[in-house]
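Subject: Structure handover

Hi,

Here is the structure for you to look through. My notes follow it.

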Amino acid sequence: MNQIPINMKNHWMPFTNNKMFQKQPQMFQKAEGVRYWTPEGQEILDGSSGLFTCAAGHGRKEIAEAVYKQLMELDYSPHFQRAAPISFELAEALSDLLPEGLDRIFFGSSGSEAVDSAMKICLAYHKAKGEPQRTRFVSRSWGYHGVNLGGTSLAGMVGNRRDFSGVTCDVVHMRHTWNEDQRFTKGQPQDGADLADDLEEICQTYGGETIAAVFVEPIAGSIGTIVPPVGYLQRLRELADKYGILLVFDEVITGFGRTGSAFAAQEFGVIPDVMTMAKALTNGAIPMSAVAVKTEIQAAVIDSITADRPELMHGYTYSAHPVACAAALATLGIYKNDGLFEKAASFSPTFLDAVFSLRNLPQVSDLRGYGMMAGIQLTPGETPGAKGSAVQRKLFDEGLHVKATGDALIFAPALVTEEEDLSGMIDVLQKVLGQADL
Ligand SMILES: Cc1ncc(COP(=O)(O)O)c(C=O)c1O
């Protein structure tokens, strides 16, 4: 492969230091399985499934063929007062995978759209039930829920909120669930379920009857994989029920086998009222997201409107895009035929052992993990939060792509990763994180 001469001035890159990138571009030209290749032909192992998207590995022909076929048959159809049969087929297939009762599906194109759609559905539900005063949301410190204005309001990562204050919704934050005693805990920490009582405290301070929904990532992903303490999600469920608040699980990262079950809801045995999903829904091949809600939530909203008008005044030009539906159906077929959720569950102990072998390296200050996702906390440098990007660049130069946030790396390879691929990834991590000075 030859290096392509590129003018990099015009593309304003997202979540990127554009000036730094232009000085030291790191690009992908080609991908297959758990590998990328740069335009110069360097092989890069994919330690983050793209961006937690490509759970079935890159270059899946089944998806490419389904997309091509759909493009030639029906490339686009509007979904306002019109539909294509394939969207109903996908909604049914998804409801079969979801916990029982979560079987009404609203489609969007990104995780951020799913989150903002879920917020509006929660508001519409309470209004339909005669409680229009429930307009406040609760989320959690260190949470990430995308970048639209609703999701930015829910965000618990200060860097994602700082520049956008003043235009956000009414959100109160619970504490995150990490503490010093949890360092190097594999799986769920035993202590910390009582942190869910923050929700009760918020209900007492603000009035439970003013709160529409509580949003949490079952495992906080973007901050660096914070696994919920045993009993924490159960306690949130009890409190949400006690105060009539909808419980929303944002499963944009944890969905589709990442935890070893279809969704974290099933893995942890806690069923939310609303769930958001995206990323691995189409194996990252075509943008698509979904919000799943309990039957009675949709029923309340649609039964509350008797006029001939849309019951939910919300939707996107690309909601239920037929090509995205085709990609998603092909992806769900791969997950099923290749038994990838079961593979993730059985490979997880090997994966976590490999991650925890990094424990004594000088650049590692904490390790966390569950299923096929792990957080590697770096020993902070002079400026807290600045080391992740520097380490991410070094890892790339050594042949490994991993997502970094602040001083954490989020290591979550594809569910098709084999032991040999994993040891290649761990070798690069060992080499870079074993350096005393970074
Ligand atoms: C939990 C969670 N919610 C929402 C989003 C936003 O998804 P998108 O980037 O597709 O808008 C993400 C993205 O990483 C996420 O991790």
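A helix crossing is called left-handed if the near helix is turned anticlockwise from the far one by less than a right angle, and right-handed if clockwise. Note that this is a predicted model: local features need pLDDT of at least 70, side-chain atom pairs count only at pLDDT 80 or more, and totals for chains, interfaces and linings use all residues. Residues are numbered from 1 along each chain as its sequence is written. Helices (H or I, at least four residues) and strands (E, at least two) are DSSP runs, numbered from the N terminus.

**Two crossing helices**

The crossing of α5 and α11 is left-handed. Their axes come within 8 Å and cross at roughly 65°. Axes here are lines fitted to C-alpha atoms, for helices over the stretch in contact, and angles run from 0 to 180 degrees between N-to-C directions. From α5, Ile121, Ala124, Tyr125 and Ala128 meet Ile297, Ala300 and Val301 of α11. Contact means C-beta atoms, placed from the backbone, within 7 Å. By class, this contact has seven nonpolar, no polar and no charged residues. Ala, Val, Leu, Ile, Met, Phe, Trp, Tyr, Cys and Pro count as nonpolar, Asp, Glu, Lys and Arg as charged, and the others, Gly among them, as polar.

**The ligand**

Helix α5 (residues 111-128) turns up again here: it gives the largest share of the shell around the ligand, three residues. In total, 14 residues surround the ligand. The closest are Ser110, Gly111, Ser112, Gly146 and Val252. A residue is near a molecule or strand if its C-beta atom, placed from the backbone, lies within 6 Å of it. The shell has five nonpolar, seven polar and two charged residues.

**An open sheet**

Four strands form an open sheet, in the order β1-β2-β3-β13, with mixed pairing. Strands pair if DSSP finds at least two bridges between them. β1 (30-32) and β13 (400-401) stand at the edges with a single partner strand each, so one side of each has no neighbour in the sheet. β3 (residues 43-46) and β13 pair in the parallel sense over two bridges. Leucine 45 has leucine 400 as its bridge partner in β13. Helix α15 (residues 419-433) lies across β3 and β13, at about 105° to β3.

**A covered strand**

Look at β12 (residues 373-378): six of its six residues are buried. Buried means 20 or more other C-beta atoms within 10 Å of a residue's own; exposed means 12 or fewer, and partly exposed is in between, with C-beta atoms placed from the backbone. In a regular strand the side chains alternate between the two faces of the sheet. Met373, Gly375 and Gln377 are buried on one side of β12, and Ala374, Ile376 and Leu378 on the other.

β12 runs antiparallel to β11 (residues 364-370), joined by six bridges. Glycine 369 pairs with alanine 374. The two strands form a hairpin with two residues between them, and glycine 371 in the turn has a positive phi of about 60°. β12 is also antiparallel to β15 (residues 408-411), over four bridges. There, glycine 375 stands opposite isoleucine 410.

Serine 49, in helix α2 (residues 49-52), has a positive phi near 45°. Phenylalanine 256 has a positive phi near 60°. Phenylalanine 256 is in the loop between β8 (246-250) and α10 (264-268). Serine 49 has 29 C-beta neighbours inside 10 Å, so it counts as buried. Phenylalanine 256 counts as buried because it has 29 such neighbours inside 10 Å.

Best wishes

How values were computed: Two residues are in contact if their C-beta atoms, placed from the backbone, lie within 7 Å.
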